[in-house]
Amino acid sequence: MTNPSSYAECVTSLRTSLSFLESSVATLGHGVEDLPRLSSVLKTVRHYELIPQPTLAAAESSLRDEIGPFVALLLDRADKHLERQARRIETLKARADLNAGRLSHLPDDLSETKSAVKKGKALDGGAALRAKVVRQRKEALKYGVERLELEVLQRERELRVRVGEV
């Protein structure tokens with residue numbers, strides 16, 4: 001027959017093992033209760049994807065082939081526009097020189113008007129009006145030439161920047 005004390009020892013040993021198991025489960029429970037938060041914190045997020053150099057070079061070449069003709073077309077347009085603006089500036093300068101020559105060789109009545117204006121004498125209505133119109137025209141032409149020269153300089157700078165990028 002079996003010994004009752006050995007059964008008691010087995011039950012005691014089993015209860016001790018059960019208490020150790022409960023303690024282990026409680027410890028594990030405390031250890032994993034923060035697991036959902038930790039998994040979201042430790043989750044890796046891909047912010048960018050690394051691609052091999054040949055793939056990058058192929059994409060760059062494809063892009064260059066695609067937009068290259070358009071860049072060349074735009075540069076040609078810019079060159080033509082700059083040439084047109086340069087011709088326009090030359091035309092305006094020539095016109096300004098011509099008008100300056102005309103002003104220096106005015107007929108006697110206008111020369112008298114011009115000298116009277118320089119001397120500060122009062123002019124009659126027609127002569128004063130003509131002098132004012134001539135002065136305004138001269139100022140407008142000077143302004144136009146200066147504006148076009150600045151515009152050409154700006155376009156040249158833009159073209160240099162574009163050529164530097166390509």
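What share of the contacts in the protein chain with a separation of 6 or more comes from residues 24 or more positions apart? Such residues account for 70% of these contacts, where a contact means heavy atoms within 4.5 Å. The model is predicted, so local features need pLDDT of at least 70 and side-chain atom pairs count only at pLDDT 80 or more, while totals for chains, interfaces and linings use all residues. Residues are numbered from 1 along each chain as its sequence is written, and side-chain values use heavy atoms, with hydrogens and water left out.

**Overall fold and surface**

- The protein chain contains five helices and zero strands; helices (H or I, at least four residues) and strands (E, at least two) are DSSP runs, numbered from the N terminus.
- Along the sequence, the pattern is α-α-α-α-α.
- Of the 166 residues, 11% count as buried, a term that means under 20% relative accessible area with a 1.4 Å probe, protein chains only.
- The accessible surface comes to about 14,100 Å², by the Shrake-Rupley method with a 1.4 Å probe; carbon and sulfur atoms hold 60% of this surface.

**The largest nonpolar core**

- A nonpolar core is a set of buried Ala, Val, Leu, Ile, Met, Phe, Trp, Tyr and Cys residues joined through side-chain atoms within 4.5 Å.
- The largest one has five residues, namely Ile89, Leu92, Val145, Leu148 and Val152.
- Helix 3 and helix 5 each supply at least two residues of this core, and helix 5 gives the most, with three.
- Gln85 lies in helix 3 and is buried, because its relative accessible area is 8%.
- Leaving aside residues up to four places away in sequence, Gln85 touches Leu148, Glu151 and Val152.

**The second largest pocket**

- On a 1 Å grid over the protein atoms alone, a pocket is an open set of points where a 1.4 Å probe fits, with protein on both sides within 12 Å along at least five of seven lines; lining residues have an atom within 4 Å of a point.
- About 150 Å³ of space lies in the second largest pocket, a volume being the space filled by probe spheres set on the points.
- Its lining consists of Lys93, Ala96, Asn99, Ala100, Leu103, Lys138, Leu141, Lys142 and Val145.
- Helix 3 (53-104) and helix 5 (125-165) each supply at least two lining residues, and the largest share, five residues, comes from helix 3.
- Val145 belongs to this lining and also to the largest nonpolar core; apart from residues up to four places away in sequence, Val145 touches Leu92 and Lys93.

Terms used:
Buried means under 20% relative accessible area, exposed over 50%, partly exposed in between (1.4 Å probe, protein chains only).
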